[in-house]
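Biologist: I have not seen this structure before. Please take me through it by question and answer.

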Amino acid sequence: MYRIAAIAVLLAACTARNPGPAPTPGLACPRLGLAPQKSSALVTAWSTYLGKGSSDAANAVDLAPDCSLLIGGSFSGSDFGKTPTVFLGGSSGAVLRLEPTGAVRAVARLGSAVADLEARVSLRESSEARRDSGTVAVAGDFGLAVLAPDLESLLWSVGDQGAASRVAIGSDGTVAALFGKAVRIYGATGKPLGTLTLADSAVNDVAVDGRGQRVFVTGFAQRDGDPCTKLQVAWVRAYSYAGSPLWKAYDWTHAQAAAANSSCADTRGVRLALGRDGWLYFAGESAGGNSIFRFSPQDLASPAPNVKSDKYTDPYNTASNPITYLARLDPASGANLAGQFLLARLDSGKGNTLRPRALAADEAGRVYIGGVSAYAIASRASLTLDGEVLPPYAGDDAWVLVASPDLKERLLWMVWNAGGKGEVRGLAAGGGIAALAARVNAAPLHLNNALQPDAPSGGGPGFASAWPGWPP
């Protein structure tokens, strides 16, 4: 199976704001043109392949303080016209820094695969506050590395704990990284602060709140027994930097879930993101709609504040296929402030698979979520990129949805497949720019003003795209 990595930059227009507990000051990024006006149509500035290897992939993306794009993954066969800096036995693993126009500015090589990355965001209290230049935390098969903003030097690293799969960095420089089922927390200079050793079935993601000095973790636990028999239960937990528990969300026992209107559908915590509006965002999976996500994450006697706007946000007529659940949580307490189910639907009307793999939110509270979908998301037959109707569904749609802060308006729902197959792996949004990273298992993807217009025989390069959109 060949894999193509994809990165896309979204810019969108919406003036609605949702004041967060500690909003990140915005910054002015280069404008790329007029904002899109339809949820099923988008005009790109550029779209290009990146890399030459048949197993290359883009696994993560973030926005640097200067509005350049940070892309992490495996990129072999090309250094994109740059002389790379090499750290920790760097070979095919790489962090790329691209200009908003698509030109490659710098390349850093680390190990054979970068799994995740995040750039530090510093906050200033003034009307002219902006994101400072920040260090870049990187996770991969080499462990954990923290790079200087220009990618030219390695500030510190952890290589004796094995591979790291996920990483987050707070506004104060605190880093949390996931090594297997252990979350290790480090200060801005690399000093160990605490370790969380978890015994759950899976630990899937971490996030860091520098202002509140909290670390958030999500995953799921296998909790079996009658009447549900076998049950997977999603959880979100908050800890202090030293590892002390602060609060938890979901994390119910089997008996509690079963008693809540027979909530016997498996659930999993998949992704967390501290939005640039200051709220905590959660993306989970539910095996159908009969799940604990129908209720408050801390009170099964209370319904969740879930928003239903159409048949793609109402989980009726669905079996046990995985669907997505999205929620905005209060980082101080774990309370659910707004939630929504998302699913695909067959032409017959039956619910179909839609899985989350990436999550972000911008300063205005617009939510960006993406992953992989079976047939079909809303308006699939009429989606257009650069005025061209996308080819019919060919399997594994790499999708991204952008929602208004109250989750009531769908600003964009798009796939990047142009007859191929893929999966969104990373999203970033801020300062009027958003970015999407995806793995694509079969070419082609949509191209426009491509820096590298050709894919190697059989497919396999990375992919990047940029387009205009919303100011913060």
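Modeller: Start at Cys 228, which is buried, with a relative accessible area of 10%. Keep in mind that this is a predicted model.

Biologist: Which residue does a disulfide join to Cys 228?

Modeller: Two cysteine sulfur atoms count as a disulfide when they lie within 2.5 Å. Here the S to S distance is 2.0 Å, and by this rule the count comes to one disulfide. The residue joined to Cys 228 is Cys 264.

Biologist: Is Cys 264 buried, partly exposed or exposed?

Modeller: Buried means under 20% relative accessible area and exposed means over 50%. Cys 264 has a relative accessible area of 26%, so Cys 264 is partly exposed.

Biologist: Is the disulfide of Cys 228 and Cys 264 left-handed or right-handed?

Modeller: The handedness follows from the torsion about the S-S bond. For Cys 228 and Cys 264 that torsion is about -65°, so the disulfide is left-handed.

Biologist: How many residues apart in sequence are the parts that the pair Cys 228 and Cys 264 ties together?

Modeller: Cys 228 sits in the loop between β18 (214–222) and β19 (232–240). Cys 264 sits in the loop between α1 (254–259) and β21 (267–274). The pair therefore ties together parts whose separation in sequence is 36 residues.

Biologist: In the hairpin of β15 and β16, which residue takes a positive phi?

Modeller: Strand β15 (residues 182–186) and strand β16 (residues 192–197) pair in the antiparallel sense over five bridges. One of these bridges has Ile 185 with Gly 194 as its partner in β16. Five residues lie between the strands, and the one with a positive phi, near 100°, is Gly 190.

Biologist: How many strands does the protein have?

Modeller: Buried residues make up 62% of the 472 residues in the protein. The protein has one helix, and its number of strands is 37.

How values were computed: Residues numbered from 1 in each chain as written. Predicted model: local features only at pLDDT ≥ 70, side-chain atom pairs only at ≥ 80, totals over all residues. Heavy atoms only, no water. Helix = DSSP H or I, 4+ residues; strand = E, 2+ residues; numbered from the N terminus. Buried < 20%, exposed > 50% of the residue type's maximum accessible area, 1.4 Å probe, protein only. Pairing = 2+ DSSP bridges.
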